[in-house]
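Here is a protein to look over together.

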Amino acid sequence: MADVDVVPIAIGVAAVGAVGIGLYLLSQQPPVPPGTIATSLAIGASPNPAEPGQPVTISGVLMRTDLNQGIPGRNVSIEQSLDQLVWQELTIVQTAADGSYAVQVAFPAAGTYYVRSRFAGGAV
């Protein structure tokens, strides 16, 4: 089973009695096989709170845990789910020179969304 970091982030209630967007973020990597290098993958969202249709920046960093440094040029998949059972890929973003990544998304309707970032691994 993959390691998962869960960061609950509530995204907006527009007014009393109005439902805004609830966004929950997960960061996921597969288990580290023997003889390979462990990584960490962080994820965050801004602004918080947000309104339906408002751009939200999903960002984070992919790190080598043994050297505590970012990993550049790697693909990170950003996915969303309404139920944490069925996931839909929103986009794939490549990490920058410092291992960071960022992408803007907008959620069209009020509700609860789960967003995760995934790194499949590979040679570093």
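The protein has ten strands and zero helices, where strands (E, at least two residues) and helices (H or I, at least four) are DSSP runs numbered from the N terminus. This is a predicted model, in which local features need pLDDT of at least 70, side-chain atom pairs count only at pLDDT 80 or more, and totals for chains, interfaces and linings use all residues. Residues are numbered from 1 along each chain as its sequence is written, and side-chain values use heavy atoms, leaving out hydrogens and water.

Q: Why is R64 called buried?
A: Buried means under 20% relative accessible area (exposed is over 50%, partly exposed in between; 1.4 Å probe, protein chains only). R64 has 16%, so R64 is buried. R64 is found in strand β5, residues 55-64.

Q: What makes the R64 and D66 side chains a polar contact?
A: A polar contact is a pair of N or O atoms within 3.5 Å; within protein, one must be able to donate a hydrogen and the other to accept it, and residues adjacent in sequence count only if both atoms are side-chain atoms. The R64 and D66 side chains make theirs at 2.7 Å.

Q: Which residues touch the most other members of the largest nonpolar core?
A: Among its 18 residues, they are I58, I78 and Y101. The elements giving two or more residues to this core are β5, β7 (75-81), β9 (100-106) and β10 (111-118). Such a core is a set of buried Ala, Val, Leu, Ile, Met, Phe, Trp, Tyr and Cys residues joined through side-chain atoms within 4.5 Å.

Q: How much of the protein is buried?
A: Buried residues make up 36% of its 124 residues.
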